[in-house]
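Here is a walk through one protein model, strand by strand. Keep the sequence and the 3D view open as you read.

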Amino acid sequence: LIKRLTIASDGIAFFFFITNSYFRLSLGDTIPLRYLGATDIPGVLLAGEVYTEGGFTSVWGAKKQESKSAEKIATGQYKVWHSIGHSDYQVQITPTSANRSCYIVSKGTDNFFVYFYSIGSSPALADSGFHFSITGKNYV
């Protein structure tokens, strides 16, 4: 698989035969870690914070949907858009409103739905802002 391995005093580089790509770790470069070529390194695909009313307060990641963000569908119900292209991912959510629990209703190829409930003797759907992160494969 490795076509060439180079070890030098300022770093190391691997050149891959099949993918015609390379990985370089350089101690003397302003960008010390580089991978050139098609990559599929699992990790955070999209993360952000959603307003109680819907919409992103902040968002970052390679899989941000260009024209859509997060929508409040109804009381306590939110739809978050992304451009992942598959449903083999995990969503982590932290409510920013007090006394809320959440349930991820569905995960699709371009969005996910989450419901928030009040915590107490009579749980009911309730609005909440939230932080989210999506982790998974870059490609299928």
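Seven bridges join β5 (43–50) to β12 (130–136), and the two run antiparallel. Strands here are DSSP runs of E with at least two residues, numbered from the N terminus; helices would be H or I runs of at least four residues. Two strands pair if DSSP finds at least two bridges between them. Within this pair, Gly48 stands opposite Phe132 of β12.

A word on the source: this is a predicted model, in which local features need pLDDT of at least 70 and side-chain atom pairs count only at pLDDT 80 or more, while totals for chains, interfaces and linings use all residues. Residues are numbered from 1 along each chain as its sequence is written, and side-chain values use heavy atoms, with hydrogens and water left out.

Ala47 stands opposite Trp60 in β6. β5 and β6 form a hairpin with five residues between them. In its turn, Gly54 has a positive phi of about 100°.

Put together, four strands make an open antiparallel sheet in the order β6-β5-β12-β9. Which strands stand at the edges? They are β6 (56–60) and β9; each has a single partner strand, so one side of each is left without a neighbour in the sheet. From one strand to the next, the twist averages 15° (axes are lines fitted to C-alpha atoms, for helices over the stretch in contact; angles run from 0 to 180 degrees between N-to-C directions).

Next, the core. The largest nonpolar core has 17 residues. Such a core is a set of buried Ala, Val, Leu, Ile, Met, Phe, Trp, Tyr and Cys residues joined through side-chain atoms within 4.5 Å. Buried means under 20% relative accessible area, exposed over 50%, and partly exposed in between, with a 1.4 Å probe and protein chains only. Among those with the most contacts inside the core are Val80, Ile93 and Phe132. β5, β8 (77–81), β9, β11 (111–118) and β12 each give it two or more residues. Val80 touches residues including Phe56, Phe112, Phe130 and Phe132, not counting those up to four places away in sequence. Contact means heavy atoms within 4.5 Å.

Finally, a loop. Gln65 lies between β6 and β7 (70–74). Gln65 counts as buried because its relative accessibility is 17%. Leaving aside neighbours within four places in sequence, Gln65 contacts Trp81, His82 and Ser83.
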